[in-house]
Amino acid sequence: MPWIEDKYLQWFGENKTSYTIKEDMKSTKITGDKNIDAVQDGLAEGVGGQFSSGGLLGGVGDMSSKEGVNRAERGDTGPVDKAKLEKQQKGWGETLSGGYLGGKK
């Protein structure tokens, strides 16, 4: 359930975007050297922290978490039901013959 994950991360000042950035950067180690790995972990915290709720890019992180990650998890394509949208849209031929050119209505 996306809202439970959001609330849990919110307690720590995180969002899904910042958490994902941090975990992805930490999980991919460039070398086996502990000093370089420590620098990489610090960089992951710094970059991910910018996308957290209190960071410089916090608004971007929050929006991409809610509108991007949560929708992708649900398989949601947008605010409008796709079948309903297709039913409402007419092809250009129907529009011209049905209204603009005086065809049958």
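Analyst: Happy to; what follows is a set of questions and answers about a predicted model.

User: Let us begin with the fold. Which elements does the protein chain have?

Analyst: The protein chain has 6 helices and 0 strands. Read from the N terminus, the order is α-α-α-α-α-α. Of its 105 residues, 17% count as buried. Among the contacts with a separation of 6 or more, 44% are between residues 24 or more positions apart.

User: Why is Ser18 called buried?

Analyst: The relative accessibility of Ser18 is 0%, and buried means under 20%. Ser18 therefore counts as buried. This residue is in helix α2, where the buried residues are Lys16, Thr17, Ser18 and Lys22.

User: What does Ser18 touch, leaving aside its neighbours within four places in sequence?

Analyst: Ser18 is in contact with Gly48, Phe51 and Ser52 once those neighbours are left aside.

User: What makes the pair Ser18 and Glu14 a polar contact?

Analyst: Their side chains are joined at 2.6 Å, and the cut-off for a pair of N or O atoms is 3.5 Å. The value falls within that cut-off, so the pair of Ser18 and Glu14 is listed as a polar contact.

User: How do you know that helix α2 has the span expected of it?

Analyst: Helix α2 covers residues 16-27, which is 12 residues. From its first C-alpha to its last, α2 reaches 16 Å, close to the 16 Å expected at 1.5 Å a residue. The expected value is 1.5 Å times one less than the number of residues, so the two figures can be set side by side. At the start of α2, a side-chain oxygen of Asn15 comes to within 3.2 Å of the backbone nitrogen of Thr17.

User: Staying in α2, why is Glu23 called partly exposed?

Analyst: Glu23 is in helix α2 and has a relative accessibility of 35%. Glu23 and Glu45 are 22 residues apart in sequence and 9.1 Å apart in space, C-alpha to C-alpha.

User: Now the loops. Why is Ser52 called buried?

Analyst: Ser52 has a relative accessible area of 10%. The limit for buried is under 20%, so Ser52 is buried. Ser52 is in the loop between α3 (34-51) and α4 (58-74). Its side chain reaches the backbone oxygen of Gly49 at 2.6 Å. Beyond the neighbours within four places in sequence, Ser52 is in contact with Gly13, Glu14, Asn15, Ser18 and Gly58.

User: And Gly13: what class does its relative accessible area give?

Analyst: Gly13 has 27%, which is between the cut-offs of 20% and 50%, so Gly13 is partly exposed. Gly13 is in the loop between α1 and α2. Gly13 and Ser52 are 39 residues apart in sequence and 6.3 Å apart in space, C-alpha to C-alpha. Not counting residues up to four places away in sequence, Gly13 touches Ser52, Ser53 and Gly54.

User: What about Ile30, is this residue buried or exposed?

Analyst: Ile30 has a relative accessible area of 68%. Exposed means over 50%, so Ile30 is exposed. Ile30 is in the loop between α2 and α3. Leaving aside neighbours within four places in sequence, Ile30 is in contact with Asp37 and Gln40. The C-alpha atoms of Ile30 and Gln40 are 8.3 Å apart, with 10 residues of separation in sequence.

User: Last one: what is the volume of the largest pocket, and which residues are the closest to its centre?

Analyst: The largest pocket has a volume of about 170 Å³. Of the 12 residues that line the largest pocket, Asp6, Gln10, Asn15, Asp62 and Lys66 are the closest to its centre. The elements giving two or more residues to the lining are α1 (2-11) and α4. By class, this lining has 1 nonpolar, 5 polar and 6 charged residues.

Notes:
Residues are numbered from 1 along each chain as its sequence is written. This is a predicted model: local features need pLDDT of at least 70, side-chain atom pairs count only at pLDDT 80 or more; totals for chains, interfaces and linings use all residues. Side-chain values use heavy atoms; hydrogens and water are left out. Helices (H or I, at least four residues) and strands (E, at least two) are DSSP runs, numbered from the N terminus. Buried means under 20% relative accessible area, exposed over 50%, partly exposed in between (1.4 Å probe, protein chains only). A polar contact is a pair of N or O atoms within 3.5 Å; within protein, one must be able to donate a hydrogen and the other to accept it, and residues adjacent in sequence count only if both atoms are side-chain atoms. Contact means heavy atoms within 4.5 Å. On a 1 Å grid over the protein atoms alone, a cavity is a set of points where a 1.4 Å probe fits but cannot get out, and a pocket is an open set with protein on both sides within 12 Å along at least five of seven lines; lining residues have an atom within 4 Å of a point. Grid points are joined across faces, edges and corners, and a volume is the space filled by probe spheres set on the points. Ala, Val, Leu, Ile, Met, Phe, Trp, Tyr, Cys and Pro count as nonpolar, Asp, Glu, Lys and Arg as charged, and the others, Gly among them, as polar.
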